[in-house]
Amino acid sequence: MTIEVAKIKQDFPLLQRHIKGKRLIYLDSANTSQKPVSVMDAMEDYYRQFNANVHRGSYQLANEATAILEGARDKVSSFINANSRQEVVFTKNATEAMNLVSNTWGRANLNNGDAIVLTELEHHANIVPWQMLAAEKNFEIRWIKIDDNGHLDLSDFDQLIHGAKLLSFAAMSNVLGTFTPVKELTVRAQEMGLTVHADASQYTPHTKTDVQDMGIDFLTFTGHKLLGPMGIGVLWGKENLLDLMPPFLGGGEMILNVTKEGFSTNELPWKFEAGTPMVAEAAGLGAAIDYLSDIGMEEIRNHEIDLTDYTLQSLISEFGETISIFGPKDSSERGGVISFTFDGAHPHDISQVLDEDNICIRAGHHCAKPLMQVLNVGATSRVSMYLYNDRSDIDALISGLHKVRDLFIP
Amino acid sequence: MSSLDDLYKEIILDHYRSPRNQGELDPPAHRCEGFNPLCGDEVIVFVSLIDQKIEDIRIGGQGCSISQASASMMTEIIKGKSISEAEKIIHAFKEMMDIYESELSGEETAESSSNVDLGDLEALQGVVKYPVRIKCATLAWNTLTQSIDEIQGVK
């Protein structure tokens, strides 16, 4: 079944915006997604009708606010097929979720002489927290390399994970769009005794996420790339692991009891949620999940395969040898994120020229500088799509790129 | 396309396509790196100083048309100048880049402290309308400033 993009576009007020009399062509959803009306309504409703602090009130309003927060947790839990709602922890964003894992599980489990394994595809959020901890604990960070097509090179995988304690990787690359073989990596790593974390920030918004089927131990993602608001992210972890982990931030909510002598921690998931949580954002995230679920994650994925195919073919047929496209060429092996460089025009200049026609794409290192070094480029242009994009957006991009070529390549 | 023409003047595109004084200088020439963390652009400025005079200057690294053209034009105007002349030029260039900010904050336009002729560099004036690109235009200049500071032992 195909999705009706023209109808979907109507649900996104920002996509109706015109600047200088021209419509907006938004192709930067890997950076942040636009929001449907239902998400904004849920957040506004919360503040208009339900605002009270949660888990503390003894009156109806506070109970309703608590039900909104915990209802959103239930939605997340079923959206990713968690075993229980206790396994779903709200954080500020995916970066904070990864810092939570490194600061609690990492601090408790990684010591001098240990090793962890990352990949060359990683976003800084799945690199720097580990480097910070490694500087303190003196463990080794090993890297799975990528091959020329942007896939992980697994030829020495067994050797890399040998004796390591953690495997942490992006389920989908935010630069190349590559889907990593989550189940294959996870099964082999767990057989060797490693704990496995998947950064699903790019994955969960675009394809069905089933943490039990994936088999991983931790999954992290952010709300704002998934039609939800900025300011909320998710850590999912297996209950037995979360149980053993020390708390992250200290304060209210995360305690059962506090005395002058010390404290005891609250039950899961609140043990990891110190302070007043982001209730309106949770309401928004819940509405985003409802919106995506109504359309269907498989339908969204199929739409993006089709549009990615169209984009790749258009770029190659229009610009041939003058364009370099990074990452897998087969759209069934990648998400709707396409990085490229253009002979004779720098990514920053490409974005600038496209901006004249309200075409929004990202230029830069995409918070993946180690990957840029591997690709031997300083920056790339990146087009990324979502359920509200269609071929007319890609056609606008192509005609914008012709203007770039006319200006820079005489 | 009129505002784009304002930004991408022919002289800028010419310096971008055929950058002047590109390459490296061997030690004892001074080497200094500058980064634009926003977009990952990188410039390396090599300065060969003899008797307080910039005998030679070269540019390495990578970047967009604005940063590359600005760096290229910078080498042309700076080469052969004394440190104090170079500092005046740097000051005048940054003043040109800052015009946007003074206008925004409603301050009086800063009086020109120097009568430096920036020549081709005037073409970069269009950049001030694009605040994000000011960082591109000033990357090589800030790196040169750092380089001079390091040579003089300030930092």
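The C-alpha centres of domain 1 and domain 2 of chain A lie 28 Å apart in this predicted model, with the domain bounds coming from an automatic or database domain assignment. Domain 1 of chain A comprises 5-27 + 296-408, and domain 2 comprises 40-294. Residues are numbered from 1 along each chain as its sequence is written, while chains are lettered from A and ligands numbered from 1 in the order in which they are written. As the model is predicted, local features need pLDDT of at least 70 and side-chain atom pairs count only at pLDDT 80 or more, whereas totals for chains, interfaces and linings use all residues.

**Contacts between domains and between chains**

- Across the domain boundary of chain A, 23 residues of domain 1 are in contact with 22 residues of domain 2, where contact requires C-beta atoms, placed from the backbone, to lie within 7 Å.
- The elements that give two or more residues to the domain 1 side are α11 (297-319), β14 (337-342), α13 (369-375) and β17 (380-384) of chain A, and the largest share, 5 residues, comes from α11(A); helices (H or I, at least four residues) and strands (E, at least two) are DSSP runs, numbered from the N terminus.
- By class, the side of domain 1 of chain A that touches domain 2 has 11 nonpolar, 6 polar and 6 charged residues, with Ala, Val, Leu, Ile, Met, Phe, Trp, Tyr, Cys and Pro counted as nonpolar, Asp, Glu, Lys and Arg as charged, and the others, Gly among them, as polar.
- Between the chains, 13 residues of chain B are in contact with 13 residues of chain A, and the chain B side of this interface has 7 nonpolar, 4 polar and 2 charged residues.

**The nonpolar core**

- The largest nonpolar core has 155 residues, and those with the most contacts inside it are Leu167(A), Val279(A), Ala282(A) and Ala283(A); such a core is a set of buried Ala, Val, Leu, Ile, Met, Phe, Trp, Tyr and Cys residues joined through C-beta atoms within 7 Å, buried meaning that 20 or more other C-beta atoms lie within 10 Å of a residue's own.
- Helix α10 (residues 279-295) of chain A gives the largest share of this core, 10 residues, and the core draws at least three residues from each of domain 1 and domain 2 of chain A.
- Leaving aside its neighbours within four places in sequence, Val279(A) is in contact with Tyr46(A), Val54(A), Ala65(A), Ile68(A) and Leu69(A).

**The four-stranded sheet of chain A**

- An open sheet of 4 strands in chain A has the order β13-β14-β17-β16 with antiparallel pairing, two strands being paired if DSSP finds at least two bridges between them.
- Because β13 (323-326) and β16 (362-364) of chain A stand at the edges with a single partner strand each, one side of each is left without a neighbour in the sheet.
- The twist averages 30° from one strand to the next, with axes fitted as lines to C-alpha atoms, for helices over the stretch in contact, and angles running from 0 to 180 degrees between N-to-C directions.
- β13(A) and β14(A) pair in the antiparallel sense over 4 bridges, and Ile323(A) stands opposite Phe342(A) in β14(A).

**The three-stranded sheet of chain B**

- In chain B, an open sheet of 3 strands has the order β1-β2-β3 with antiparallel pairing, and its edge strands are β1 (30-36) and β3 (53-62), each of which pairs on one side only.
- β1(B) and strand β2 (residues 41-50) of chain B pair in the antiparallel sense over 7 bridges, with Gly34(B) opposite Val43(B) in β2(B).
- Helix α3 (residues 65-78) of chain B packs on this sheet, touching β2 and β3 of chain B, and its direction makes about 170° with that of β3(B).

Definitions and conventions: Buried ≥ 20, exposed ≤ 12 C-beta atoms within 10 Å, placed from the backbone.
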